[in-house]
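Work through the exercises below with the sequence and the model at hand. Try each task before reading its solution.

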Amino acid sequence: MKKESLPYGKRLRRRAFLHVASLAVVPTLFSSVARGSSATLHLYNWDDYISEATLASFQQQTDYQIKLDVFADGEEQFAKLKLGNSGYDITFPSHDSVTRLFKSDLLLPLDHQLIPNLANLAPEHQNPHYDLGNRYSVPYMWGTMGIAYRKSVIDPPTSWRDVLTLAGIAKNGRVSWLSEATSMVSVGLMMTGASANDFSSASLRKVFDELQPAKKKVIKIAEDNGQDLLAAGEVDLAIEWNGDIAQLIAEDDDIGFVIPQEGSIYYVDCVCILADTRHAKAAHDFINHVLNPQVGSELAEYIGYATPNAAAYALTSSAYRNNPVTFPVNPEKLEIVVYPGEDALRNIFRSWEQLLAS
Amino acid sequence: MPYEIFSDHGNSSSRADDSFLAMPDWSSRSLRVNSLIAAPHVVWLSIFVILPLCAILFISLLLPSSATTYEPRLTVSNYAQVFQEPYPAVFLFSILIAASTTIICLLIAFPLALAIAFSSERRHFFLLLAICMPFWISTLIRMYSLQEILGRQGVINKVVLGLSEFVSSMIPMLPVLDPLELIYNRIGVLIGLVYAFIPFAILPMYASLVRLDRKLIEASRDLGATFFTTARKIILPLALPGISAAATLIFIPAIGAFYVVDMLGGPEELLIGNLVQLQFHEFNNWPFGAALSVSMLICTLLVWSVTARLRAKIYG
Amino acid sequence: MVSPVPLKQAAAPRARAKGVASQLQITPYLNWWLWICLAALYLPIIIMVVFSFNDSKRGVVWRGFSLRHYEAAWKNHDLLDAFGNSLIVASGTALISTALGLCAALTLERIRIRSISVYRPVLLIPLVIPEVCLGVALLVFFHMIGWHRSWPWPLALCQVLAAHVTFSLPFCTLLIRARLRQLNSELEVAARDLGATQLRAIWDVTVPLLKPALLASILMAFTLSLDDFVVSFFTATPEAQLLPVRVFSMIRFGATPQVNAVSTILLLITVVSILFAALAYQRK
């Protein structure tokens, strides 16, 4: 007969207590693992738009941890930040979003004294029209949108009509679109011959008349993962941003990228500090760190987008500088989109939403 | 079934008729103790259920604004917008998809529940465990694993195409199949929803079937009925409470399962849940999002009241 | 001396329990269906586990065995943070929900003041409405009362905790009330007759009798909270990231096989704890 020191009920209770107690200890272990350091900078960025090495080098130099959250498109970013007190310190909006954000008083004016590396920027990116004097933003990367395709399956597309109209998709096969309303509408406008900034109701009507029937044939409206669909063979044509495709081509050279004959939009993504940050000094240090030539060149080569940092550009490899995906061969065909105001944006969103829901 | 516990069927009040001492009725006793016990959950519900619902009702009546998310001006334009194209179509589509999911789940789960309930007693626990174990993984992760299976280069297609090529190589006349389109379309969404909600179908039906009086089935067999007749006349009617509970448990969450559509659906598949999420996370249009939510709520309550009537009839 | 009677009694039930299924002569079909369904249920899980060891950055092409995704998942501080947060919130939810559920069950069963019974449907609401509506309502409410602030870490979880307690409350109440109904209430009356105050009567008599239901309620609330996605999605803040939300973010953006690794680990933890619980249960 087994000798039991305690009655069974008591043993069960003790065991249960130990389980619960250990369960309570475990999560604090997980959290303290990451919370070894004192403070954290929260970044809100596009996906795959910053390299681990950049973050690691910053974390080594300062006492700050970095946490990264991602968003899929500019609308999502604005909606999250609009709530105020979002909890983020630094974000990476496109240039038209920069205007939208500082008009909503969401950005902290930058103290240029704390960012000496600003001088490294190429002259055309200093004092840009969307943010005079670089008051709120620092250019991070610039890029464009085009059509990526699988070379072994399909001929290079020549026009936006190949992917945005019913006739084009029927001829070309499996297509994916991007979920960002403003960009898609802009290239749609260029497709119909209008300017990328012509957001009048008539022009919008023309664009959506083409997009509406075409939507049925689209495989997926991708949220910044069109390149994954392309890589996995789900689609043969993807509307995507050039840097994402540059990253993909580095892995899989059966992928090609073109900017259609009508041209495309060109945007500058910037780094900004949010107005309600509690780590303003560290945020400025981070921006300065990103503008460092060494860091900047390594970043540019990793993410495959074009860097506006002249000093960093000088340090990059010739393979990077001659990459036709990263640096389009016909830059004159690229049109920059200007922030059109909230009313125009609401029109665009309304129409885009009706497109999605129909 | 779960929901009847919230009704007053067989409540203590009927038992109180037996004897005053049988049921400690506290209504007449000290108010202080009563309030102490009732207060926590009443306060919590007031703050975190009633107030938020009032909040969305209030916001849905405001005008959307770009500067401050909503302007303090009352309007019913948001609800008017809900009735314009294309939103009613989205509502109908959501209800259709939810209904299809429910029916498919019931069809799949009923024989399964039968198999478990009518197997030997010992195996019940292990079979239920085996069925439930996959569902202890988060639904999101299960949907993600479905992505890997249903894709063009996913497991199913690899197997099917491999077989098809093998067969074609043997019989040259047969063409090789195209890859099956199982994802980013309606089929993908249905498969995802069914996979997500099937335990809600199995468990209530199992609970109901297991309480079935076996003697009735024995009697029916003795009287010479075939399986189908027995099923139709005996098993099905007696399992109806379980089936109705399962249907309700599946239908209502299915209307709002936007993440399944996000991950497995194509451009043509959009649920009301997706629209609401888009309003808050993309288009920054809170009043309209709130109006959509309230409409969704009303839809759900309508469905609920209809099935409640049905359940009342079943329970008699 | 063991009497022969028990043996006879043992024989009879075995002969009778030939099984309803076999009586209906559908056993083979049912079993067939059972195995097909089990296979279909487990196929995605097996694929997921297998591909967590795949040596490739993306996709379903097998490129060799490797543990690099487990390494990457282990080094992914955001993920570990989210996991820790999920556990903390789940534990908190389990305890608070059960406590509130106990109050609610006691109220529903014992106190029959008309003004209180209006709360019965209110209690049902989080159970009945789609989670999207609840998440949105809480988001709007928190924003309107200005609770959408980026509090430092432990306090930031309070918002999500409140949301989770709200939707698990009906489940807990349900479980506890079901058991409460089955209780013999005379014990409580007896305690009162012996001179205990009302509160002591509850605490010393009713609550211990409710222990299985309380335990079940804790487990249920814990599971619900850990697995919840929709409500967390709407109410999460950057400092209070929860695991399902973090996983969703990872999946949306070029699903990395890290997700496979994380899921396999979670599956392992779940299976082990369930087996543990089952063994503990069997030992009784």
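The model is predicted: local features need pLDDT of at least 70, side-chain atom pairs count only at pLDDT 80 or more, and totals for chains, interfaces and linings use all residues. Residues are numbered from 1 along each chain as its sequence is written, chains are lettered from A and ligands numbered from 1 in the order in which they are written, and side-chain values use heavy atoms, with hydrogens and water left out.

**Exercise 1. Describe the interface of chain B and chain C.**

Step 1. Take the contacts, where contact means heavy atoms within 4.5 Å. On this basis 104 residues of chain B touch 95 residues of chain C.

Step 2. Take the buried area, which is the accessible area (1.4 Å probe) that two parts lose on being put together, summed over both. Between chain B and chain C this is about 9500 Å², with 76% from carbon and sulfur atoms.

Step 3. Look for salt bridges (a side-chain nitrogen of Lys or Arg within 4 Å of a carboxyl oxygen of Asp or Glu).

Step 4. Look for polar contacts. These are pairs of N or O atoms within 3.5 Å; within protein, one must be able to donate a hydrogen and the other to accept it, and residues adjacent in sequence count only if both atoms are side-chain atoms. Five residue pairs, both at pLDDT 80 or more, are in polar contact between chain B and chain C.

Step 5. Find the main contributor on chain B. Helices (H or I, at least four residues) and strands (E, at least two) are DSSP runs, numbered from the N terminus. Helix 2 (residues 31–60) of chain B gives the most to the side that touches chain C, with 22 residues.

**Exercise 2. Describe the interface of chain B and chain A.**

Step 1. Chain B brings 34 residues to the contact and chain A brings 28.

Step 2. The buried area between chain B and chain A is about 2600 Å², and carbon and sulfur atoms give 50% of this. B:Pro267, B:Glu282 and B:Phe283 supply 26% of the area that chain B buries against chain A, more than any other three residues.

Step 3. Two salt bridges cross the interface of chain B and chain A. B:Glu268 forms a salt bridge with A:Lys215, with the closest N and O atoms 3.7 Å apart.

Step 4. Seven residue pairs (both at pLDDT 80 or more) are in polar contact across the interface of chain B and chain A. Helix 12 of chain B supplies the largest share of the side of chain B that touches chain A, five residues.

**Exercise 3. Summarise chain A.**

Step 1. Chain A has 15 helices and ten strands.

Step 2. Sort residues by relative accessible area: buried is under 20%, exposed is over 50%, and partly exposed is in between (1.4 Å probe, protein chains only). Of the 358 residues in chain A, 59% are buried.

Step 3. A:Arg150 forms a salt bridge with A:Asp252, the closest N and O atoms being 3.3 Å apart. A:Arg150 is in strand 4 (residues 137–150) of chain A, and A:Asp252 is in the loop between helix 10 (242–251) and strand 8 (255–258) of chain A, 102 residues away. A:Arg150 is buried, at a relative accessible area of 12%.

**Exercise 4. Which residues of helix 4 of chain C are buried, and which are exposed on the other side?**

Step 1. In helix 4 (residues 68–75) of chain C, the buried residues are C:His69, C:Tyr70 and C:Ala73. They fall within an arc of 100 degrees seen down the axis of helix 4 of chain C, so they line one face of the helix. The arc is that of the directions from the helix axis to the C-beta atoms.

Step 2. C:Trp74 and C:Lys75 are exposed on the other side of helix 4 of chain C.

Step 3. C:Lys75 forms a salt bridge with C:Glu71, with the closest N and O atoms 3.6 Å apart. C:Lys75 and C:Glu71 are four residues apart in helix 4 of chain C, so about one helical turn separates them. The relative accessibility of C:Glu71 is 48%, which counts as partly exposed.
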